[in-house]
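The following paragraphs lead through a single protein chain, moving from individual residues to the overall fold. Please keep the sequence and the three-dimensional view at hand while reading.

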Amino acid sequence: MSTTAIASNFIKSIVEEDLRTGKNNGHVITRFPPEPNGYLHIGHAKSICLNFGLAREFNGACHLRFDDTNPIKEDVEYVESIKRDVRWLGFDWGDNMFFASDYFDQLHDYAVALIRRDKAYVCSLSTEEIRAYRGTLTEPGRDSPYRNRGIEENLDLFARMRAGEFEEGRHVLRAKIDMASPNVSLRDPVIYRIKKAAHHRTGDTWCIYPMYDFAHCLSDSIEGVTHSICTLEFENNRPLYHWFLDTLETPCHPEQIEFARLNLSYTVLSKRKLIQLVQDKTVSGWDDPRMPTISGMRRRGVPPQALRSFCDRIGVARADSMVDISLLEHCIREVLNIRAPRVMAVLRPLKVVITNYPEGHVDELEAPLHPENPEMGNRTIPFARELYIERDDFMEEPPKKFYRLAPGREVRLRYGYYITCREVIKNDHGEIMELRCTYDPASRGGGTPDGRKVKATLHWVCAQTAKPAQVRIYNHLFTTANPNEAPEGKDFRFNINPNSLEVLEGCQVEPHLAGAESGSRWQFERLGYYSVDPVESTPEELIFNRIISLRDTWAKVQAAEGKNAS
RNA sequence: UGGGGUGUCGCCAAGCGGUAAGGCACGGGUCUUUGGAAUCCGCAUUCGGAGGUUCGAAUCCUCCCACCCCAGCCA
């Protein structure tokens, strides 16, 4: 697994070319500019990896800048979560954490400068009137009757807007560009509006707030950003980005470059929809392990390097796309396979009594924590007369391709002994309650002197020493690859998977897991990767989250057989 | 129906006039004390379509088609 060769992409090429031609005196300054109005998700991770990755690769800097120009949507809770998530992903903004609100004074002065140049005016049309005057996609707009107000009057009105003399909606400041532009975003866009709301950082200092298009390009310029990378939907705004910087005297003129945002199958990546899932209680919160949020994935146990590796592999381009979630799952397994110590856990226990094993005797077996990495050391596993195996690992009437335990059949208990099933004990309802087996004392550790083969190796746990645990199995949050495709009159929630969470009680885990650290990640052999839930697990009541299952070719065989049968 | 974009394997994605990289998925083999991992092999005579230019086109030109974005005092 090579992680050094990061695939190139068109943005990297632009930066390289700029460096080659000495465009920004050899500087590369990017920025990740979230609005603190929600939690970060894997789509943001793509942007974070791109922006911080570029800075890292070209010896530049990436600023973390909060685009906090709309006080009614934003909150410190979100800025804290965003900082935590970026850090956890493995990136460092150093001293470069900024807020658009840091620049409110300068931004205000730029607005005044625009008025002085007769490039902005106070418009007193209502919201509805502004919309009507804007025209449509196919018809040009009409000039606002306030468009030719004198500079002095504009200055006075804008000062009074700032002073709080007017109610919200009474006036706005607009850039004077071109009401007939085929690009609607150039039809005299609003750049300041009155909002009598407290801002999470500036409190009630302001009652007018700048709009994104105005604040963003100027913030970039103030910070000396060289490459302002954003997603495709801002492409229409690019001429506006340049208009402000060309019209005003600014420190520098960054280049805006757009790329396609990430779409991932079987989930949704829009803050609006994610917030809906949280508010609906479809999930337990932003950090619900089923969420595609950074915090959800962190809680689930996904390692940050898996997310980085995923972002490297999906590439950066301009075509709309939907990445198959199996690629993410592959990246997670790839990291965990190398790093997760192996242990045994039985999720759906079936009791096994070894009839020829001495009662009361407990054997201590040695097993490596990672069969391919001896440096990880060993653990001891107790073995006794009563054990648990997985219910799925036994079939009374096994089909052709099932080669686990069945009546009369011999299998290996991993790192234990060979056992042979002698008897099936059932209750009055015909349910299998227990298996009576015999073991071969010569097979201790999992091999025999005669070298005979068994078809299967099962995981197991010693009944008297095992620790009980709860295990939470997560499946895709949606049942369809593109949840946004719903029947007429339904929205994405129509496709929510009712079985996205399965809680398994009464699981039995080997005693080595007794002191497992919060958040620690393990492979439960033959099952998958699991982590100790950092929020609800306690030493007394262990709770594990399934991060991802192992690849399961047996499940594939079963699915194929099922298909043939029907 | 205005403007701005995008179309290369099931899903991503290189390619930038010299004869289709890579990853995921999928199928098969080897190995195996995880039906895991590892490893090997296979997987686009063809680049949205149709014309044209050229010795040569996914790359250049023309026309057409499909999809995405824009009419917030959101970002």
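Thr69 has a relative accessible area of 7%, under the 20% limit, and therefore counts as buried. In this predicted model, Thr69 belongs to the loop that joins β2 to α3. Leaving aside residues up to four places away in sequence, Thr69 touches Glu74, Ala100, Phe104, Arg193, Tyr209, Pro210, Tyr212 and Ala215.

Most residues other than glycine have a negative phi. Asp118, although not a glycine, has a positive phi of about 60°. This residue, Asp118, sits in the loop between α4 (104-116) and β4 (120-123), and with a relative accessible area of 32% Asp118 is partly exposed. Asp188 is likewise not a glycine and has a positive phi, of about 45°. The loop that holds Asp188 runs between β5 (172-175) and β6 (190-194). Is Asp188 buried or exposed? Its relative accessibility is 0%, so Asp188 counts as buried.

The nonpolar interior comes next. In soluble globular proteins, nonpolar side chains tend to be buried together. Here the largest nonpolar core comprises 42 residues, and Ile42, Val86, Phe310 and Leu328 have the most contacts inside it. At least two residues of this core come from each of α2 (42-57), β2 (61-66), α3 (76-89), α10 (294-300), α11 (304-314), α12 (325-339) and β25 (542-549). Ile42 touches Leu262, Leu264, Leu269, Pro292, Ile294, Met297, Leu307, Phe310 and Leu328, not counting residues up to four places away in sequence. Another core, of 35 residues, lies apart from the largest one; among its members are Tyr110, Ala215, Leu218 and Phe244. Ala215 is also one of the residues that Thr69 touches.

At the level of the whole chain, chain A contains 13 helices and 25 strands. Its radius of gyration is 31 Å, whereas the globule rule gives 24 Å for 566 residues, so chain A is more spread out than a compact globule. Along the principal axes, the C-alpha atoms fill a box of roughly 100 × 50 × 45 Å. Of the 566 residues in chain A, 52% are buried. Among contacts with a separation of 6 or more, 70% are between residues 24 or more positions apart.

Chain A exposes about 26000 Å², of which carbon and sulfur atoms supply 47%. The chain carries 73 positive and 81 negative side chains, and the centres of these two sets lie 3 Å apart.

Note on methods: Residues numbered from 1 in each chain as written. Chains lettered and ligands numbered in written order. Predicted model: local features only at pLDDT ≥ 70, side-chain atom pairs only at ≥ 80, totals over all residues. Heavy atoms only, no water. Core = buried A, V, L, I, M, F, W, Y, C linked by side-chain atoms within 4.5 Å. Buried < 20%, exposed > 50% of the residue type's maximum accessible area, 1.4 Å probe, protein only. Helix = DSSP H or I, 4+ residues; strand = E, 2+ residues; numbered from the N terminus. Contact = heavy atoms within 4.5 Å. Rg over C-alpha atoms; globule rule 2.2 N^0.38 Å. Areas by Shrake-Rupley, 256 points an atom, 1.4 Å probe, with all protein chains shown as cover. Lys, Arg positive; Asp, Glu negative; His and termini not counted. Charge placed at Lys NZ, Arg CZ, Asp CG, Glu CD.
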